[in-house]
Amino acid sequence: MDTTNDWYVVAGAIASVGVGWWLRGLVNRPSIAPAENPVMPTAAVASQGGAGDVAATDASRLINSYELLQQAPVGYLEVDDENQLIWINPLASQMLNIPISSQDGGAIAPLTPRLLLELVRSFELDQLIENTRHAQRSCQQDWILNLVSPDPINPNEGVAYPLRGYGVPLPNRHVGVFLENRQEAENLVQQRNRWTSDVAHELKTPLTSIRLVAETLKERVDPALLKWVDRLLNEILRLGNLVEDLLNLSRLERSGGTGLTLKPVELPRLILAAWQSLEPLAEMKQVQIAYEGPSELIVQLDEPLMHRVFINLIDNAIKYSPREGTIYVRATVEHEPASLSLGSAPTSQQLRVDVIDEGNGFQESDLPHIFDRFYRADMSRTRLSTDQYVSLAGNDFANSGNTGTGLGLAISQQIAEAHGGKLIAQNHPETGGGWLSIVMTTQPLSLHEVSVVP
């Protein structure tokens, strides 16, 4: 857990305890304070210190809690049951551009108590608060904050930046929200992606030259040394696949799904084509495939990209299946409810394709990172050896999709997201093996509709 998340846990506990003590002393206080006397949780409790030693101790605890939150490296704000802002620390006020005033006792409050939605026009923040209050548990939400001046004559729009909010339920239906500015993290991700893309572009040309030299040597070396040239060629191919994977990831991230070439695709045929490309790998372990689902299922997809997804998912299952095992591929479709018009057909369908193996499954610690770049699980889930690569024919190796780069599932996740879907990794309760699923919403097509498509 990083330092920021530690602050969320510590500050959340402090806020929950502190607000509880504060509310005990404020039961009879009006919910809306006048403009000249803004709501001041810490100062209000501190003013009641003469009620006795216990009250003084409670007030001291609360003052310390809010003083700590004022110095926290994350933003924090608090709203009452009517979504009125009653407390905010300086960092949150800076993030949301909310004016604040320092009061006696170190409390920070808005200049005039108002609804939070009037102070900052953020539907996502308001939704996070409502979801937290309704669920009565911690909630998280990411969004892009666009600060717009409330002046209708000069609606000057500020700089937009990503925020992450953590809602914490408090007593009496109050809600505390921790805010994290994600701009620096986003910049680091963009710099990393740009760097890997630039390196991949620079490597592509020399790798092509090295491959041409190796192929020329293959025809001229002594037959006894031929296997070493084959190994060299296979490693060059693997490096070439790594470079191509990095470039594909970069293109997918830049396009954001806008570069897809959608057309009607017969899904069972696409799955069969992916399996046939991987048959040399399956035969080595005598692994078989079992398909369950509609024999005719036509959906709108980018065929080359989705073929790559099935290559990666089935290849992953082959590598981790036991000898003479079975890989189960299941396709299911759930139609979305029809519109309100009588007799109208469903406008979309939920497509799910599951790829299940009979191996050892994923470690629980690996599941959150399965789709991370270059991530590898434990040693039982590793790529094929060099000798196994050499046993494949050149064309089969190039088409196998088994690049061993640690990018296959990351690319598959990116392709699924470009189609408006997602990939899910878990362990199957029956086989105990890995269970990878792609879920997306597609448009239903009939054979007649496909026949009239130009």
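Trainee: Which residue does Asp354 meet in a salt bridge?

Mentor: This is a predicted model, where local features need pLDDT of at least 70, side-chain atom pairs count only at pLDDT 80 or more, and totals for chains, interfaces and linings use all residues. Residues are numbered from 1 along each chain as its sequence is written, and side-chain values use heavy atoms, with hydrogens and water left out. A salt bridge here is a side-chain nitrogen of Lys or Arg within 4 Å of a carboxyl oxygen of Asp or Glu. At 2.8 Å, N to O, the side chain that meets Asp354 in this way is that of Arg352.

Trainee: Is Asp354 buried or exposed?

Mentor: Buried means under 20% relative accessible area, exposed over 50%, and partly exposed in between (1.4 Å probe, protein chains only). Arg352 has 23% and is partly exposed. Asp354 has a relative accessible area of 8%, so it counts as buried.

Trainee: What separates Glu130 and Arg133 along helix H6?

Mentor: Helices are DSSP runs of H or I with at least four residues, numbered from the N terminus. The side chains of Glu130 and Arg133 form a salt bridge at 3.0 Å, N to O. Because they lie 3 residues apart in H6 (residues 123–135), the separation is about one helical turn.

Trainee: How many residues apart are Arg211 and Glu215 in helix H7?

Mentor: Arg211 and Glu215 form a salt bridge, with the closest N and O atoms 3.1 Å apart. Arg211 is partly exposed at 37%, and Glu215 is partly exposed at 32%. Both lie in H7 (residues 183–218), about one helical turn from each other, and the spacing is 4 residues.

Trainee: How many salt bridges does a search of the whole structure find?

Mentor: The pairs above include Glu130 with Arg133 and Arg211 with Glu215. For the whole structure, the search gives 13.

Trainee: Why is helix H14 largely enclosed by the rest of the structure?

Mentor: Among its buried residues are Leu409, Ile411 and Ile415. Helix H14 (residues 408–418) is largely enclosed because its buried residues number 10 of the 11.

Trainee: Which residue with a positive phi follows H14?

Mentor: The phi in question is near 80 degrees. The residue that follows H14 is Gly420.

Definitions and conventions. Helices (H or I, at least four residues) and strands (E, at least two) are DSSP runs, numbered from the N terminus.
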